[in-house]
Amino acid sequence: MTNHMLVCGVGATGRHIIDELCAAKVQVVAIDVEEDSLVSIRERHPDADFTYFVGDATDDEILTQAGIATARAIAAVLPSDKDNLYIVVAARQANANARVVARASEATHVEKLKRVGANSVVLTPSIGGRRLATELERPVFARFLDDMLKDPAGYRFNEVTISEGHPLVGLTLEEARIRDRFGMGVLAIAQGEEPWRYNPETTERLVAGTTLIVLGSSAQVDALRKGTT
């Protein structure tokens with residue numbers, strides 16, 4: 001197993017992560033002590049590239065078997081912040097290049113997780129609170145998000161980074177004809193760490209390293225990444 005997504009913990013959070021990754025047709029490996037939860041995911045996604053290991057995700061041997069050293073991204077989403085801290089440390093020791101994302105239930109643990117190597121930390125109570133606020137203030141937008149996640153075509157907000165040698169390098173957005181060729185509009189654009197430019201002008205020129213934010217199906221996004229229709 002190489003270049004896969006490793007999800008450590010298949011509780012309430014981990015299940016949703018795996019559902020999203022399977023919908024995006026990403027290779028996923030999961031670890032959890034509850035075999036029934038893992039089997040349930042396999043039954044929901046019979047055609048997905050999904051492998052699982054039954055065991056403790058803080059066990060170094062299990063992590064090795066699950067390919068922690070060769071994963072391209074690792075999610076530490078166990079119920080305990082302490083256990084997620086351990087997984088982040090183990091991930092960084094085994095795999096310096098992976099993107100490591102951790103779940104936290106306490107705000108005081110966010111910086112600790114980042115200090116030991118997490119690229120990003122999601123404070124789940126905060127995310128839940130924001131979603132509830134959206135339901136209160138913008139119910140139609142909340143329904144749009146729910147309907148999009150249920151859409152069988154798998155439409156999602158996604159990112160596409162234009163690499164060196166991509167067929168669109170050097171073209172303006174008008175010349176690239178992304179909507180005509182790939183069926184998607186470009187919602188925002190940025191180079192590197194610069195601020196996002198929302199609803200970009202058609203005169204924006206695409207260079208290597210440009211990242212586009214689009215809304216499309218997994219097939220449309222994959223085609224844009226390859227630059228082929």
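The model is predicted, so to speak of local features pLDDT of at least 70 is needed, side-chain atom pairs count only at pLDDT 80 or more, and totals for chains, interfaces and linings use all residues. Residues are numbered from 1 along each chain as its sequence is written, and side-chain values use heavy atoms, leaving out hydrogens and water.

Start with the strands (DSSP runs of E, at least two residues; helices are runs of H or I, at least four, and both are numbered from the N terminus). You will find an open sheet of 6 strands in the order β3-β2-β1-β4-β5-β6, with parallel pairing; strands pair if DSSP finds at least two bridges between them. Select β3 (50-54) and β6 next: they stand at the edges with a single partner strand each, so one side of each has no neighbour in the sheet.

Now zoom in on β6 (residues 120-123), joined to β5 by 4 bridges. Here A102 stands opposite V121.

Then show helix α2 (residues 35-44), which packs on the sheet and touches β2 and β3; contact means heavy atoms within 4.5 Å.

Finish inside. The largest nonpolar core has 26 residues, and L6, C8, I31 and I74 have the most contacts inside it. Such a core is a set of buried Ala, Val, Leu, Ile, Met, Phe, Trp, Tyr and Cys residues joined through side-chain atoms within 4.5 Å, where buried means under 20% relative accessible area (1.4 Å probe, protein chains only). Click on L6: among the residues it touches are V29, I31 and I74.

How values were computed. Buried means under 20% relative accessible area, exposed over 50%, partly exposed in between (1.4 Å probe, protein chains only). Axes are lines fitted to C-alpha atoms, for helices over the stretch in contact, and angles run from 0 to 180 degrees between N-to-C directions. Lists of a residue's contacts leave out its neighbours within four places in sequence.
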